[in-house]
Number of protein chains: 2
Amino acid sequence: MKEIKHVVIIGAGFGGLQAVKKLAKDKFVRITLIDRSNHHLFQPLLYQVASAVLSPADIAIPIRSLMHKKKNVTVLMDTVTGIDKDSKEIILGDKRISYDYLILAAGAKTGYFGHNDWMKYTLGLKTLFDALRIRNRILKSFEKAENHPEMAKDLMRYIIIGGGPTGVELSGSLAELSHSIINDDFRNINTRKSDIILIEGGADLIPSFDRSLSVYAKKKLEKRNVRVMLNSKVIKIEDNKVFLKTQEGEKILTANIIIWAAGVEAVYLNNTFGLPVDRQNRLIVNSFCSFRDHPEIFAIGDSINFKDKDGKILPGVSSVAMQQGRYAATAIRELIHGKELKPFRYKDKGSMATVGRKDAVADIFGIKFTGFIGWIMWLGLHLFYQVGFKNKVSILLTWMWSYITFGASARLIQETPTKEELESMLYSLKK
Amino acid sequence: MKEIKHVVIIGAGFGGLQAVKKLAKDKFVRITLIDRSNHHLFQPLLYQVASAVLSPADIAIPIRSLMHKKKNVTVLMDTVTGIDKDSKEIILGDKRISYDYLILAAGAKTGYFGHNDWMKYTLGLKTLFDALRIRNRILKSFEKAENHPEMAKDLMRYIIIGGGPTGVELSGSLAELSHSIINDDFRNINTRKSDIILIEGGADLIPSFDRSLSVYAKKKLEKRNVRVMLNSKVIKIEDNKVFLKTQEGEKILTANIIIWAAGVEAVYLNNTFGLPVDRQNRLIVNSFCSFRDHPEIFAIGDSINFKDKDGKILPGVSSVAMQQGRYAATAIRELIHGKELKPFRYKDKGSMATVGRKDAVADIFGIKFTGFIGWIMWLGLHLFYQVGFKNKVSILLTWMWSYITFGASARLIQETPTKEELESMLYSLKK
């Protein structure tokens, strides 16, 4: 009788979940899935939480509830502190878990290209916590402006740094929030006068897309009153200030809120494993998403540096992570059953981004879509990939509802803790 | 031509909103509604957020979106720091707003009967923040138990102090969470072995209800494995420890989480107004919900001490607040239009509380309902009173869905901020 092999998967993102799904079917496998948080996050829609369209529960689903029927899967909410590659053990604080195979899929975090001091003055957008912080800050800026209309102009100026999909989608969504949805809610200010500035260092927005789509996105954002600044490199960030190097020389912009959507890097832990990493902390893997000296360790998704056959590093997008997750699962099953591995090949099916309500750009198998048709494709594909069925229904209803009513349910400003509550929180943290 | 009068309303709870609704129809009135938070909270369902059945957006609705069609209403999200009764001005930090009439409706907060040191060891349940804290702590206790099953017994012991409606509903709801809904999600622990203890100082649960309903509630909670301890007075609370005086002598109970649902008191600010207050900081009003020397100031809801004709203080429930809100609005309109005021009379329509899924007790106009019929009445009345239409649909769908699937969408553990994030939060707080 064949021995049951233990596969440990670190990270329940798009990659990790695909790997579990495929591996759990093998009866010679048992799986431990470890994540720091208790939920899978649908990151492509995070900007909609930040712009108060969706609620956290719409884009996050508890990992346990996805796994509760898979009896060979154990979920642990815990923080990995290290790997002992020789004894094949995962270290979780004072606890160790041994593995036969390991899949590293811990993802990426906001990266500042070495300027970690900029973190203090900006808001990132990689976690639910980040999204809620942006939402709170934006909504509070309108509240403060309503109380002090003489300061409205300064309070309602926002800078988004980074013209990739996140920056484009977030600025489009914030423009809609301020320019249409909530303006009737206020008496003393005109939220349509919000000043949203999108800054991109290169010559094009969403540079990974076809140039015609980049141009379309820019035109549509500008129509929605977003100021798009191309060829503008950030050289310094201070409190409410961004210093730029542009083709016309240096410029200083001020804003109430500065959002950093310009870069990510792999989780810090990666460089403690004794495995090769690049400058962005990404694990450098071979063509099997693995390591020469450790063929039992796979690494996938945003946290790796995988070069395709043209020598280009694959981008940190969900479709890459999902394909690699399925690949790693297949590879492990082949290793267990003594078959030979084929290297990983990425099938690029295209990419897309929204630029507003009913408006998106999509590049699917080389065919370009814009406007409402692009948006319908974007909607369908995102709903299709959304994990829990309830979430699909809930998101669809929320969207339909907010279409009809410009709905308000997500425009909650979450209370910030009082001094007493903070003391009590600190007290229970210490325990 | 008649002069337009300015009515300032402090607090957008059940009382404040009813007052606005009635007053806004009068074209000789303009209204400023002030609240510390940006949302109206449906407090009767707060326990369902705490027990991971509903999400925050299901029971909170932005105040602005409720008011955006009422053009004579200005909403301010701000904190009142005082009242200048002589110049008829509300003080908001360095800003003053003059009023012709004032309605104080700032509500209540968790009260510890003078034992404020107990706050550190317990969790209250009056705000969304409170509810999310309870939810996070409960869900994390299961997570920790799954990682350390040898400690599961201690980790899964919870004490709820206070046998009023909040304590009864919360303990029933937590029993359902742990005894049925999520047990399949775990591999190493049996969440059905959770130990939920409900402590009441008096001889009956929900003492304001008819005794037959109290007995029914106790029986049903015990059937769901809640340990109900009556005649047990809390004499001291320490870290994870509750000291009780019972009929069999003193007892010490330990628990991972201690929830305080035993009392409320009016907001602290009340005793700075120079108006009469009782020991629980409640404003002592006359039979017009007003003050002899200040007939232009009304006070309503949980934050007042109003004696009915039998000399009994009206309870802090939504129906009292709503009737007083409508009364105060009518009274102000009568004062403006030179009519004579009738004193406030409370019409008691009954009360109800859930003891589990499909199970509630209700006492409506003296008729008693229990079980499924009681629950249907409870459901209907709560949905009926829920303010925003979207919320009604959303709550109904969420409930139906969680009925069919024992759904998971509310079982999110919200991330706690990292050290860096806390630093950045502190930084923006200081500004």
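This is a predicted model: local features need pLDDT of at least 70, side-chain atom pairs count only at pLDDT 80 or more; totals for chains, interfaces and linings use all residues.
Residues are numbered from 1 along each chain as its sequence is written, and chains are lettered from A and ligands numbered from 1 in the order in which they are written.

- Chain A contains 12 helices and 25 strands, taken as DSSP runs numbered from the N terminus (helices H or I, at least four residues; strands E, at least two).
- Chain A is as compact as a globular protein of its length, because its radius of gyration of 23 Å is close to the 22 Å that the globule rule gives for 431 residues; the radius is taken over C-alpha atoms, and the rule is 2.2 Å times the number of residues to the power 0.38.
- The C-alpha trace of chain A spans about 75 × 55 × 45 Å along its principal axes.
- Of the 431 residues of chain A, 48% count as buried (20 or more other C-beta atoms within 10 Å of the residue's own; exposed means 12 or fewer, partly exposed in between, with C-beta atoms placed from the backbone).
- Among contacts in chain A between residues at least 6 apart in sequence, 64% join residues at least 24 apart.

- S23(A) is joined by six bridges to the antiparallel strand S24 (residues 359-364) of chain A; strands pair if DSSP finds at least two bridges between them.
- Ser351(A) stands opposite Asp363(A) in S24(A).
- Two residues separate S23(A) and S24(A) in their hairpin, and Lys358(A) in the turn has a positive phi of about 60°.
- Ala353(A), within strand S23 (residues 350-356) of chain A, counts as buried because 25 C-beta neighbours lie inside 10 Å.
- Beyond four places in sequence, the contacts of Ala353(A) are Pro165(A), Val168(A), Glu169(A), Ile206(A), Ala360(A) and Val361(A).
- In chain B, strand S23 (residues 350-356) is mostly covered, with five of its seven residues buried.
- S23(B) pairs with strand S24 (residues 359-364) of chain B in the antiparallel sense over six bridges, and Met352(B) has Ala362(B) as its bridge partner.
- The hairpin of S23(B) and S24(B) has two residues between the strands, and Lys358(B) takes a positive phi near 60°.

**The open sheet S14-S15-S16 of chain A**

- Three strands, in the order S14-S15-S16, form an open sheet with antiparallel pairing.
- Strands S14 (233-238) and S16 (249-254) stand at the edges with a single partner strand each, so one side of each is left without a neighbour in the sheet.
- Neighbouring strands of this sheet are turned by 20° against each other on average, direction ignored.
- Five bridges link S14(A) and strand S15 (residues 241-246) of chain A, and Lys233(A) has Lys245(A) in S15(A) as its bridge partner.

**Helix H9 of chain A**

- Helix H9 (residues 318-336) has 19 residues and reaches 27 Å from its first C-alpha to its last, close to the 27 Å expected (1.5 Å times one less than the number of residues).
- The buried residues of H9(A), including Val320(A), Met322(A), Tyr327(A) and Ile332(A), pack against strand S1 (5-10), helix H1 (14-23), strand S9 (101-104) and strand S21 (294-299) of chain A.
- Just after H9(A), Gly338(A) takes a positive phi of about 70°.

**An exposed strand residue**

- Arg96(A), in strand S8 (residues 95-98) of chain A, is exposed because 12 other C-beta atoms lie within 10 Å.
- Beyond four places in sequence, Arg96(A) is in contact with Glu89(A), Ile90(A) and Ile91(A).

Conventions: Two residues are in contact if their C-beta atoms, placed from the backbone, lie within 7 Å. Axes are lines fitted to C-alpha atoms, for helices over the stretch in contact, and angles run from 0 to 180 degrees between N-to-C directions.
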